[in-house]
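This report is for a reader who is new to the structure shown below. Please keep the sequence and the model in view while reading.

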Amino acid sequence: MTQFIHLRTHSEYSLVDGLLRVKELVARVKQAGMPAVALTDESNLFALVKFYRAALAEGVQPIIGSDCWVKTEHGYGRLTLIAMNQIGYSHLLDLISMAWREGQEGDYALIDWRWLESRAEGLICLTGATEGEIGRLVAAGQIDKADQVLARYHAVFADRLYLELTRLGLAGEGALTDFAVQRADALQIPLVATNVACFAHADDFEAHETRVCIHDSVTLDDPRRTHRHSPEQWLKPADAMAALFADLPDAIENTVEIDKRC
């Protein structure tokens with residue numbers, strides 16, 4: 001059986017999206033034969049205690065993390081921070097709290113890069129795929145700046161940095177994959193595959209989009225609304241993810257390696 005761990009999932013506790021109920025998430029992961037799962041609700045750890053207890057009750061390893069927004073000189077970008085140990089967990093608490101207290105801009109809680117530099121110990125960093133600072137720079141054709149940002153992240157996180165790739169049918173994924181594969185070979189920065197799962201089944205997408213529209217205060221048929229998600233963002237089984245990344249098996253295998261490090 002193919003081994004794959006979902007390292008980015010959003011539950012009903014996520015502030016902007018997510019339909020997965022915590023117990024449903026854990027139950028489906030166990031049913032699929034996955035030994036662990038990460039819950040990474042956006043900029044919060046509201047579901048942490050419920051998730052941790054539910055996972056232990058089912059014999060599934062809970063991985064603690066959050067999808068965050070980081071403010072830098074190039075604007076801002078998403079990244080995922082995963083706690084490896086108690087130090088990383090404490091740093092993640094600090095960063096999320098500081099983001100809401102001191103970095104809030106509208107609906108976003110932004111982490112200042114300087115805070116991240118001083119609290120990176122114990123944290124694994126996934127680069128945010130197309131929504132990350134690197135992904136956005138690559139999509140804009142600013143490859144030199146993307147290399148500079150990657151070097152800065154690498155200096156801070158060292159072997160705890162992973163170049164994140166998704167294949168959700170979103171704009172910019174192809175260019176980012178080309179960039180990431182080249183840098184992974186040249187700089188020995190590992191790749192990792194995620195599916196940013198926000199709902200349990202493929203046919204839950206419309207209900208998920210309704211949830212997003214409620215948050216954004218728009219209607220489903222509003223021509224002006226931003227489409228940020230894909231019907232592919234369901235909790236796919238390991239075999240489906242392995243087939244999706246058949247050309248990059250290391251990206252699948254590294255999900256298990258990250259699990260082992262936590």
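## Terms and basis

Helices (H or I, at least four residues) and strands (E, at least two) are DSSP runs, numbered from the N terminus. This is a predicted model: local features need pLDDT of at least 70, side-chain atom pairs count only at pLDDT 80 or more, and totals for chains, interfaces and linings use all residues. Residues are numbered from 1 along each chain as its sequence is written, and side-chain values use heavy atoms, with hydrogens and water left out.

## The chain as a whole

The secondary structure of the chain comes to ten helices and eight strands. The chain has 262 residues, and 53% of them are buried. Here, buried means under 20% relative accessible area, exposed means over 50%, and partly exposed lies in between (1.4 Å probe, protein chains only).

Contact means heavy atoms within 4.5 Å. Among the contacts in the chain between residues at least 6 apart in sequence, 75% join residues at least 24 apart.

## The cavity

A cavity is a set of points, on a 1 Å grid over the protein atoms alone, where a 1.4 Å probe fits but cannot get out; lining residues have an atom within 4 Å of a point. Grid points are joined across faces, edges and corners, and a volume is the space filled by probe spheres set on the points. A search of the whole structure finds one cavity of 30 Å³ or more. The largest cavity holds about 70 Å³ of space.

The lining of the largest cavity consists of L39, D41, N44, L45, F46, A47, L48, F51, I63, I64 and G65. Two or more lining residues come from each of the elements α2 (48-58) and β2 (61-72). The largest share, three residues, is given by β2. By class, the lining has eight nonpolar, two polar and one charged residues. In this scheme Ala, Val, Leu, Ile, Met, Phe, Trp, Tyr, Cys and Pro count as nonpolar, Asp, Glu, Lys and Arg as charged, and the others, Gly among them, as polar.

## Helix α1

Helix α1 covers residues 22-31, and its buried residues are V22, L25, V26 and V29. These residues lie on the same side of α1 because they cover an arc of only 90° around the axis. The arc is that of the directions from the helix axis to the C-beta atoms. On the other side of α1, K23 and Q31 are exposed.

The cover over the buried residues of α1 includes β1 (36-39) and α2. Just after α1 comes G33, with a positive phi of about 80°.

## Helix α3

Helix α3 (residues 86-102) has 17 residues and reaches 24 Å from its first C-alpha to its last, close to the 24 Å expected at 1.5 Å a residue. The expected span of a helix is 1.5 Å times one less than its number of residues. Buried in α3 are G88, H91, L92, L95, I96, M98 and A99. They cover an arc of only 165° around the axis, so they are on the same side of α3.

The buried residues of α3 pack against β2, β3 (75-83), β4 (104-105), β5 (108-112), α4 (113-118) and β6 (123-126). The face turned away from the buried side of α3 carries the exposed residues Q86 and R101.

## Two residues with positive phi

S43 has a phi near 55°, a positive value in a residue other than glycine. S43 is placed in the loop between β1 and α2. With a relative accessible area of 6%, S43 is buried.

V196 also belongs under this heading, with a phi near 45°, a positive value in a residue other than glycine. The loop between β8 (191-193) and α8 (205-216) contains V196. V196 counts as buried at 9% relative accessibility.

V181 is found in helix α7 (residues 173-187) and is partly exposed, with a relative accessible area of 25%. Leaving aside its neighbours within four places in sequence, V181 is in contact with L191 and L248. The C-alpha atoms of V181 and L165, 16 residues apart along the chain, are separated by 9.7 Å.

N254 lies in helix α10 (residues 249-261). N254 is buried, with a relative accessible area of 15%. Beyond its neighbours within four places in sequence, N254 is in contact with Y162, P190, L191 and V192.

Terms used:
1 Å grid on protein atoms, 1.4 Å probe; cavity = no way out; pocket = protein on both sides within 12 Å on 5 of 7 lines; lining within 4 Å.
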